[in-house]
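Okay, thanks everyone, I'll keep this short. Have a look at the structure first, and then I'll walk you through it.

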Amino acid sequence: MINVPKGTKDVLPNQSYKWQYLEETAREVARLYNYKEVRTPAFEHTELFQRGVGETTDVVNKEMYTFLDKGGRSMTLKPEGTAGVARLFIENGLASSPMPVKTFYITPAFRYENPQAGRLREFHQFGIEVFGSSSPETDAEVIFAASSFLNKLKIKGVKLEINSIGCRICRNEYNKALKNYFAPHVEEMCNNCRTRFDKNPLRILDCKEEKCKTVAKNAPKITDYLCDDCKKHFEGVRSLLDAQGLEYSVNSNIVRGLDYYSRTVFEFVSTEIGAQGTVCGGGRYDGLLEQLGGNSLPAIGFAAGIERLLLLMENTGVPFPEETAPLIYIAGMDEKSRAQAFKTALDLRGKGVSAEVDHMQRSVKAQLKYADKIGAKFVAVIGESELESGVLNVKKMSDGSCASVKLEELYSYLLKEDK
Ligand code: ATP
Ligand code: MG
């Protein structure tokens with residue numbers, strides 16, 4: 001018996017409607033906000049993530065699924081969506097399209113992590129990326145899009161936390177301050193953070209190790225080091241959120257897990273699913289396109305983890321829409337009436353009505369039992385007399401009521417009754 005790989009999950013036929021609901025909701029939000037779908041390969045040249053996500057991040061350091069292909073090239077399964085979309089943008093010359101370019105994706109992502117609730121090795125993200133605008137309106141719109149996605153799913157108890165991590169200029173000053181602060185504590189930190197101390201002290205604030213979190217607790221705050229432009233930008237974003245009454249708190253410890261962020265960063269966090277509480281994270285990454293060899297264009301986006309959202313919804317009893325079921329089950333008594341049932345089901349399906357028939361040579365009684373199990377909303381039995389009269393006895397399962405319906409009127413009857 002071969003099992004599913006550790007840290008991955010199957011989606012079973014009686015669960016997939018929840019996924020479809022989340023994905024449809026994501027697509028609906030994308031439509032409302034005018035984000036167009038993009039799809040990128042499941043694997044990319046390893047260098048894309050090294051350059052795009054950053055060498056000092058956990059994702060690149062510890063979590064990537066990297067392999068040599070048969071041609072000896074180093075490839076990596078995408079650990080996140082943004083780098084691939086940025087590559088797509090540059091490679092396809094989208095910089096010459098009207099700005100901003102607003103995109104979204106729904107994609108699997110792969111990270112070699114320690115699997116636990118809400119933390120998998122293959123997981124899925126709904127993300128959006130907007131290229132070409134540096135205005136606070138765009139930051140605010142991206143945050144509203146994420147918030148509206150969570151609202152549409154009727155998710156409650158998720159808190160929005162925002163921060164600004166400034167630009168290269170203010171971060172230079174801030175990194176110096178961080179170095180001064182962390183210098184006497186280097187010995188107390190994990191090995192990774194010791195490297196980060198030299199290369200990118202900001203990353204230390206994102207470390208998940210308790211000892212590093214303790215040391216980082218009283219670190220200087222980035223918001224005290226923002227340059228005038230970054231300060232103004234952050235105030236602009238905040239006032240747009242304030243004007244709509246969107247609640248948030250400023251959390252100066254949010255730096256996000258990936259290196260490419262600048263200015264606005266944000267997370268939607270729940271306290272209902274344990275340590276893996278961040279259901280959606282995002283931010284501005286004005287330096288990424290240039291870093292990947294493209295034009296210097298600002299960009300911003302978010303990614304929401306679908307498994308974590310599902311977990312949260314299940315844990316807090318958020319209602320899902322009903323699982324889909326056939327509108328009608330048509331049972332057949334003997335060979336002739338089974339053939340009629342088969343044909344009627346095909347006709348209905350051709351008109352857009354979901355219909356089911358027997359596949360197992362079951363007795364009529366067993367067929368009706370099955371129809372009930374699969375949740376068919378109507379049931380009709382065809383036998384000799386129905387074949388003769390062309391009239392079916394159609395039972396509405398919700399209230400047990402019956403109606404005589406002419407075979408050729410079955411479609412319009414079902415349409416009328418299925419309200
Ligand atoms: P975390 O701090 O929880 O490790 P992250 O900062 O690494 O998250 P991002 O790279 O920002 O996460 O990914 C965006 C979203 O994708 C997260 O907010 C989360 O909902 C989801 N996500 C990230 N890693 C995983 C994973 N291993 N399993 C399931 N979902 C994940
Ligand atoms: Mg992570």
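**Overall picture, then one glutamate**

So, of the protein's 419 residues, 49% count as buried, meaning under 20% relative accessible area with a 1.4 Å probe and protein chains only, where over 50% is exposed and in between is partly exposed. Bear in mind this is a predicted model, where local features need pLDDT of at least 70, side-chain atom pairs count only at pLDDT 80 or more, and totals for chains, interfaces and linings use all residues. Residues are numbered from 1 along each chain as its sequence is written, chains are lettered from A and ligands numbered from 1 in written order, and side-chain values use heavy atoms, leaving out hydrogens and water.

Now the overall dimensions. The C-alpha trace spans about 90 × 55 × 40 Å along its principal axes.

Okay, let's zoom in on E80. Where does E80 sit? You'll find E80 in the loop between β4 (74-77) and α4 (82-91); helices here are DSSP runs of H or I, at least four residues, and strands are runs of E, at least two, numbered from the N terminus.

What does the side chain of E80 reach at 2.9 Å? That's the backbone nitrogen of A83. A polar atom of the E80 side chain also lies 3.2 Å from the backbone nitrogen of T82.

Notes: Polar contact = N/O pair within 3.5 Å; in protein donor to acceptor, adjacent residues only side chain to side chain.
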